[in-house]
Amino acid sequence: MQAPEGEVAPPAVVEEEAPPAVVEAPPPALTAPVPASQVAPAVPPERRVADLPVESVRQRERFAVAVLQAVDKVTAETIRFEAPVGQPVRYKSLILTVRACEHTAGDEPTEDTVAYLTVDSQPKPQAGRPVPGPRQVFKGWIYASSPGLSGPEHPVYDTWLITCRTAAPLRGAAPVSLPSTANAAASRSR
């Protein structure tokens, strides 16, 4: 039926079905259990640390210096620097403190270099303005083989671990010779 000219036809009414009051959950899917003979251990038996005698379990080798790399995302400036363990190092507005730097032991399944790092954001003081307090950006372990796995997340700077190494001797420093016990005893008797 059409509406006469000049009149607007009323909109058509569509009836919707209401959802059911109670919805039954589908039955759980049953799977057959996997026999133990088909399950392989996550770590090969020859690599399990718990099965090794205590003497053969190696400690991780610790180092005195971490080699880090940082990039300024705004200027694209990249710098590689050394951070002695326990000493804070400033890179622009970041203060990086390496607490530990070590290589994995020989009995671990994969070889990697790891460091425990704390990163604080503290802008440099400016004349006439109050010194802003530091804000911790990151605290945790970082991995050289997987820099994106666990690392500092900062809007301007990226920092990652390259390697660990021992402290280098000072240039131009004379070697220190310790007196032998015979020489020390002779000098005391004089």
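Visitor: What makes residues count as touching Ile 142?

Guide: Contact means heavy atoms within 4.5 Å. By that criterion Ile 142 touches, among others, Leu 68, Leu 117, Trp 160 and Leu 161, with residues up to four places away in sequence not counted. The model is predicted, so local features need pLDDT of at least 70, side-chain atom pairs count only at pLDDT 80 or more, and totals for chains, interfaces and linings use all residues. Residues are numbered from 1 along each chain as its sequence is written, and side-chain values use heavy atoms, with hydrogens and water left out.

Visitor: Why is Phe 81 called buried?

Guide: Buried means under 20% relative accessible area, exposed over 50%, and partly exposed in between (1.4 Å probe, protein chains only). Phe 81 has 13% relative accessibility and therefore counts as buried.

Visitor: What makes the aromatic pair of Phe 81 and Tyr 91 stacked?

Guide: Rings of Phe, Tyr and Trp (its six-membered ring) pair if their centres lie within 6.5 Å; planes under 30 degrees apart count as stacked, over 60 as edge-to-face and the rest as tilted. Phe 81 and Tyr 91 lie 6.3 Å centre to centre with 15° between the planes, and the pair is stacked.

Visitor: Why is the pair of Tyr 116 and Trp 141 called edge-to-face?

Guide: Its rings are 5.3 Å apart centre to centre, with 70° between the planes, and the pair is edge-to-face.

Visitor: How do you know whether Trp 141 is buried or partly exposed?

Guide: Trp 141 has a relative accessible area of 31%, so Trp 141 is partly exposed.
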